[in-house]
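Please keep the model in view while working through them.

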Amino acid sequence: MTDHDNAYAGLLGDADPHWAFGTGFTDPLAGVDPAVPSEVDRADLAAYCLMLGDDALVLAQRLSHWCSRAPDLEEDIALANVALDLLGQARLLLARAALVDPSVVPPSAQPPEDALAYFRPAGQFRNVLLVEGVDVDFADAVVRLLLFSVHRLAVLERLTGSSDAVLAAVAAKGVKEVAYHRDHAARWVVTLARGTDESRRRLLAALDRLWPLVPELTAAHPVQRRVAAAGAGVDPSTVEGTVDAVLAEVFAAAGVRPPAAAPVGEGGGRDGRHTPALAGLLAEMQEVARAHPEGAW
Amino acid sequence: MVTATAEAAEAAARAAAERVTDPELPMLTLADLGVLRGVSVDGGTVEVAITPTYSGCPAMTEMSRALVSSLAGAGFADVRVRVELSPAWSTDWISPRGRRALAEHGISPPGPAPRRSGPVPLTLGPPRRTVHCPRCGSDRAELVSEFGATACRALYRCAACAEPFEHVKEI
């Protein structure tokens, strides 16, 4: 090492690959055929990838807050593992969005997936409001994860038939992961509902709080409808029956009834209309990248 | 003669790529793990295809670097590592030698991965699998957590010898 003023200089470049572990992220789609099916509008497909990718990225960030604060060490690790899976899905989807339509990527010295994650303002994020909320307690976290993953699994199962080969591959991999995220969350919902009076009270309160955010998951955005009609995406309104059936199974095992006709939340996340919670989350997630816009990781 | 040389180059490149070990499970080579999907030589260029185990696998970059370095050592200066996303990796791709190596290092190898067509059914009970303690061989193992130090491992404890151990989850 010749740069004596910088103790970290040796970590960069082609140092021993076995110890600077997890640095120097390379393109997750390196060498993958970038072809886009001709029937699909590129701007639509990129927006569609951002919707799926931002859902995963934002929930990954939220879940990682639980590391060191979950009920036990095993749960710290479990939620961190779930977050890592979702972060991996987000990386592939953001990289795909950037390949399909480079105009979605904000100007930055960073690779496109990082530019999308760190240099977009909240108004350009296309995630649903469910994933951005701050967890009031652990019951909130597991109910949020259940509602999200039941829906995402149903979407990904159908997306394996996408005419876009990259989306189909990301979905096929994601199905394996989101299936155990869903089962993990469902077991916790049953455990809390059948636990103590206090755990049941908190579980029911979380369900009441989050239930109004469910309709946005299956409300079809015009972009989703068009990409679905072109054969590359899934219209989320078509998974409503599947989602309801799985949730009914969980609620029956938990001995809880889903809240009746709750006031429906505003939605708007797919068009960049978010709650202040997202701005707070992004301020933390983006801080280091924005402080060092030329930084190498 | 040209063909023989090309075949020898490809065999040498394949051997160099197959020697590379997984950074998280160093008792396994990338070939044993099923992550190495192909090695081909075209002129002076070697193309290596690898697939991630999980979407968020943080080891892909390290695997690429190690492949480039091993191939450079075998005399191949121009190496391209390509990500192959489809078909999705399965623990069924772990070789018999890899499974033996896992067990020898105290990690219970995976059973057959679930095969299904259609929606994944909800599982509310603990996952059903036959797990043997890699230390004493007992099948009386208790699940401690479905999530271990890496995405691919679950934590068990042997009810017979009381030792904790890791199991590679079937996916």
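1. A cavity, in the sense used here, is a set of grid points where a 1.4 Å probe fits but cannot get out. The structure is a predicted model, and by this rule it holds one cavity of 30 Å³ or more.

2. The volume of the largest cavity is about 120 Å³. Its lining is made up of 13 residues. Those that lie nearest the centre of the cavity are Leu52(A), His151(A), Val155(A), Gln224(A) and Arg270(A).

3. What is the make-up of the lining of the largest cavity by class? Eight of the lining residues are nonpolar, two are polar and three are charged. At least two residues of this lining come from helix H1 (42-64) of chain A, and at least two from helix H4 (138-159) of chain A.

4. Attention may now turn to the interface. Here 38 residues of chain B are in contact with 47 residues of chain A. The size of an interface is often expressed as the accessible area lost when the parts come together. For chain B and chain A the buried area is about 3,500 Å², with 62% of it given by carbon and sulfur atoms.

5. Which elements of chain B contribute to the side that touches chain A? Helix H3 (60-73), strand E3 (78-83) and strand E5 (141-145) of chain B each provide at least two residues. On this side of chain B, 21 residues are nonpolar, twelve are polar and five are charged.

6. Polar contacts, however, join 14 residue pairs between the two chains, counted with both residues at pLDDT 80 or more.

Methods. Residues are numbered from 1 along each chain as its sequence is written. Chains are lettered from A and ligands numbered from 1 in the order in which they are written. This is a predicted model: local features need pLDDT of at least 70, side-chain atom pairs count only at pLDDT 80 or more; totals for chains, interfaces and linings use all residues. Side-chain values use heavy atoms; hydrogens and water are left out. Contact means heavy atoms within 4.5 Å. Buried area is the accessible area (1.4 Å probe) that two parts lose on being put together, summed over both. A polar contact is a pair of N or O atoms within 3.5 Å; within protein, one must be able to donate a hydrogen and the other to accept it, and residues adjacent in sequence count only if both atoms are side-chain atoms. Helices (H or I, at least four residues) and strands (E, at least two) are DSSP runs, numbered from the N terminus. Ala, Val, Leu, Ile, Met, Phe, Trp, Tyr, Cys and Pro count as nonpolar, Asp, Glu, Lys and Arg as charged, and the others, Gly among them, as polar. On a 1 Å grid over the protein atoms alone, a cavity is a set of points where a 1.4 Å probe fits but cannot get out, and a pocket is an open set with protein on both sides within 12 Å along at least five of seven lines; lining residues have an atom within 4 Å of a point. Grid points are joined across faces, edges and corners, and a volume is the space filled by probe spheres set on the points.
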